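I opened this notebook to record what I looked up in the structure shown below.

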Amino acid sequence: MFIQQLEQAQDQNQSLVCVGLDPQQKKIDALGVDLLAWLQKIVDATAAHVCAFKPQIAYFAALKAETELTAIIAYIHQQYPGIPVILDAKRGDIGSTADQYAIEAFGRYAADAVTVNPYMGGDTIAPYTCYKDKGVVVLCKTSNAGSGELQNLTLDNGKTLFLTVADKASSDWNNNHNVLLVVGATYPAELAEIRATVGDMPLLIPGIGAQGGDVEATLKAGLRTDGKGLIISSSRGIIYAGDTVENFAQAAEQACIELKNSINKFR
C-alpha cells in the first residue's frame, strides 16, 4: 500500500520532505550534463533525506523526455525501493479516458501514486482508486493565488467547495483507503479546516519556499499527533540550489537537509 510505504519512508529517513523533479532544459544544459544523469545525481544526493519523489509530467512531456521519466522512476525503485514516487499529472477525466490515464500512471510509468483533479466529480477518481496498492492524490485547496475563485465558493450545503472535496475524498471516494489530498502551504487556515475534516488522511503540501508557504504555520495547522500526515514538497528550492556541474548535487543535498531540519524542528 502506498500510504504504508510513505509512512515507512518518513520513519526511516525522519523526513516529511518530497523532492519535486521539474527538469528545465536551459538550467540543465548550463551544467553540461544530460537530463538523465542530472536526474540521477539529484535523486542520489537527496534520497537519504526524503519520504517521496514527485516528477512533474509536464516538464518531461515538454522536453519529449518520457523515456527519461520512465527511466528515473525505474531508477528510484531499483536504487531506493523504500521511497515512493508520486507522478504529478493532475489528470481529470471520466470513463474510458480516465482508465487510460490510470494505465499511463501506474502501468506505463509505474508510479506509486498520481495527482488527480476532481472537478468532474467522483467518476474522475474511481478509475485510480481501484488500484488498491496505489495512492490517489486529489486536488483540494491548491497553493496558487487564484485558487479561491472556485475552491472557496460556498455551496448549497453550506460548505466551501474545498471542504466538500475534502469530505467526499475522506468518505465516498475512499473505499480502498488510498486517497490523499493536495493542500497548499500558502493557506494554513484552510489547511487546519481540512485536517479537522479528514482526520488522519495524509496531505501533500506544495507551496513551501518559492511560493511563500511558512513551515511552522503549515505544521501547526496540518500535522497529525504522531508527527506525520504531511508530505511537504519542494522543487526549485532544492533541485536548482546549485548552479555549477561541481556543486549542483551537493547543493541540492544541503538544501534538502536544511528543509528537513526546519520541518523536524516543529514536529
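The entries follow, beginning with the basis of the values.

**Basis.** I worked from a predicted model, in which local features need pLDDT of at least 70, side-chain atom pairs count only at pLDDT 80 or more, and totals for chains, interfaces and linings use all residues. Residues are numbered from 1 along each chain as its sequence is written, and side-chain values use heavy atoms, with hydrogens and water left out.

**Cores.** I looked up the nonpolar cores, meaning sets of buried Ala, Val, Leu, Ile, Met, Phe, Trp, Tyr and Cys residues joined through side-chain atoms within 4.5 Å. Buried is under 20% relative accessible area, exposed over 50%, and partly exposed in between (1.4 Å probe, protein chains only). The largest core has 71 residues, and Leu21, Trp38, Leu181 and Ile194 have the most contacts inside it. Helix H13 (residues 248-264) gives the most to this core, with six residues. I took helices (H or I, at least four residues) and strands (E, at least two) as DSSP runs, numbered from the N terminus. Another core, of 15 residues, lies apart from the largest one and includes Ile3 and Cys51.

**Strand S8.** I asked how far strand S8 (residues 230-234) is enclosed. Five of its five residues are buried, so S8 is largely enclosed by the rest of the structure. Leu230, Ile232 and Ser234 point one way from S8, while Ile231 and Ser233 point the other way. I then looked up its pairing, for which DSSP must find at least two bridges between two strands. Strand S1 (residues 17-21) pairs with S8 in the parallel sense over three bridges, with Val17 opposite Ile232. Strand S7 (residues 203-205) also runs parallel to S8, joined by three bridges, and Leu203 has Leu230 as its bridge partner.

**Salt bridges.** I counted as a salt bridge a side-chain nitrogen of Lys or Arg within 4 Å of a carboxyl oxygen of Asp or Glu. The structure holds eight. Lys54 and Asp88 form one, with the closest N and O atoms 3.0 Å apart. Lys54 lies in strand S2 (residues 52-55) and Asp88 in strand S3 (residues 86-91), so this pair ties together parts that are 34 residues apart in sequence. Both Lys54 and Asp88 are buried. Asp167 and Lys159 meet in a salt bridge at 3.6 Å, N to O. Asp167 is partly exposed at 30% relative accessibility, and Lys159 is partly exposed at 34%.
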